[in-house]
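Here are some friendly notes to read alongside the model. Keep the 3D view open and find each residue as it comes up.

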Amino acid sequence: SLTVGVLAIQGDVHENITSTQRAIKELGVEGSVISVKTSEEISKLDGLIIPGGESTTIGQLSLVNSLLKIIKEKIEQGMPVLGICAGMIMLSKTANDRVVGKTDQPLLDLLDINLERNSFGRQKESFEANISMNSINIPKFNGVFIRAPSVSDTGSGVEVLAKFNEKIIAVKKGNMLGVSFHPELTEDVSLHKYFINLIKKSRN
Ligand code: GLN
């Protein structure tokens, strides 16, 4: 049976638990979803979701609890991770804010991408748009963007899964998946299902 954790430091934890539970059920997989906030809990996971929220806060609090270290170790050992919005920022190498520039914030530095925080501007801090992720068989998805980042730069081996307005909004490399939008805020759980299948495969 799979254990999927949602990092519960800050951000929309509950919505991700609900979406992941639905995905597990719809796939007919045996598994459970728990919220995690200690190293011990994280060490037992088969997969982790780092939810959206405020990346500066998630980073600083995770640093204090020395959670960043264990999360980084687990991902390096192959544990699949889904980083959503602030969660994708946490996975990245460097983050620049569109307005204030280079931010000095703790990051996991695992996914070889540069990020632009708050990339879609103040007028459009929040919006929804139809997007497609054809390479992972999700041709149509309602993307909910909330003060969303975009990927400004990808390193080698990073696959671009989706773009919106010329900007990269979904990426994958190996066991790491990062998206700018919030799949937990729509009824469609296909991205959560894709993530569950990624966890299943990593355990074979
Ligand atoms: N703007 C937030 C940040 O930079 C991310 C917003 C979100 O996760 N919805 O951390």
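How do the residues of the shell around the ligand divide into nonpolar, polar and charged? Keep in mind as you look that this is a predicted model.

1. **The shell around the ligand.** The answer is five nonpolar, four polar and three charged residues. The residues surrounding the ligand are Gly52, Gly53, Glu54, Ser55, Cys85, Ala86, Ile89, Arg117, Asn118, Ile146, Arg147 and Pro149. Several of these names come back in the points below, so please highlight the shell before reading on.

2. **The annotated binding site.** An unreviewed UniProt entry gives the label "binding site" to Gly53, Glu54, Ser55, Arg117, Ile146 and Arg147. These residues gather at one spot, because no two of their C-alpha atoms are more than 12.8 Å apart although they span 95 residues in sequence. Gly53, Glu54 and Arg147 are also listed among the residues around the ligand.

3. Are they buried or partly exposed? Gly53 is buried, because it has 21 C-beta neighbours inside 10 Å and the cut-off for buried is 20 or more. Glu54 has 16 such neighbours inside 10 Å, so it counts as partly exposed. Not counting residues up to four places away in sequence, Gly53 touches Gln10, Gly11, Asp12, Ile58 and Ala86. With neighbours within four places in sequence left aside, Glu54 is in contact with Gln10 and Ala86.

4. **The annotated active site.** Which residues does UniProt list for "active site"? The unreviewed entry names Cys85, His182 and Glu184. They are spread over 100 residues of sequence, yet they cluster in space, with a largest C-alpha distance of 11.2 Å.

5. **A closer look at Cys85.** Cys85 lies in the loop between strand 4 (81-84) and helix 5 (86-91). Cys85 counts as buried because 29 C-beta neighbours are found inside 10 Å. Beyond its neighbours within four places in sequence, Cys85 is in contact with Gly52, Ile146, Ala148, Pro149, Ser180 and His182.

6. **A closer look at Glu184.** Glu184 belongs to the loop between strand 13 (176-179) and helix 6 (190-202). With 24 C-beta neighbours inside 10 Å, Glu184 is buried. Leaving aside neighbours within four places in sequence, its contacts are Asp12, Glu15, Asn16 and Ser19.

7. Most residues other than glycine have a negative phi. Cys85 has a positive phi, near 55 degrees, and Arg147 has a positive phi too, near 45 degrees. Arg147 is in the loop between strand 9 (138-146) and strand 10 (150-154). Arg147 counts as partly exposed, because 17 other C-beta atoms lie within 10 Å.

8. **Strand 4 and its partners.** Strand 3 and strand 4 run parallel and are joined by three bridges, with Ile49 standing opposite Leu82. Strand 4 also pairs in the parallel sense with strand 13, over four bridges, and here Gly83 stands opposite Gly178. In a regular strand the side chains alternate between the two faces of the sheet. In strand 4, Val81 and Gly83 point one way while Leu82 and Ile84 point the other way, and all are buried.

9. **Gly178 in strand 13.** Gly178 is in strand 13 and counts as buried, because it has 30 C-beta neighbours inside 10 Å. Apart from residues up to four places away in sequence, Gly178 touches Gly83, Met88, Leu91, Leu111 and Val171. Gly178 and Leu115 are 63 residues apart along the chain, and their C-alpha atoms are separated by 11 Å.

10. **The start of the chain.** Strand 1 (residues 2-7) and strand 2 (residues 31-36) run parallel and are joined by six bridges. Leu2 has Gly31 as its bridge partner in strand 2. Together with helix 1 (residues 13-27), the two strands make a right-handed β-α-β unit.

Notes:
Residues are numbered from 1 along each chain as its sequence is written. This is a predicted model: local features need pLDDT of at least 70, side-chain atom pairs count only at pLDDT 80 or more; totals for chains, interfaces and linings use all residues. UniProt positions are given in the numbering used here, feature names are shortened, and annotations may be inferred rather than shown by experiment. A residue is buried if 20 or more other C-beta atoms lie within 10 Å of its own, exposed if 12 or fewer, and partly exposed in between; C-beta atoms are placed from the backbone. Two residues are in contact if their C-beta atoms, placed from the backbone, lie within 7 Å. A residue is near a molecule or strand if its C-beta atom, placed from the backbone, lies within 6 Å of it. Ala, Val, Leu, Ile, Met, Phe, Trp, Tyr, Cys and Pro count as nonpolar, Asp, Glu, Lys and Arg as charged, and the others, Gly among them, as polar. Two strands pair if DSSP finds at least two bridges between them. A crossover is right-handed if, with the strands pointing away from the viewer, the path from the first strand over the helix to the second runs clockwise.
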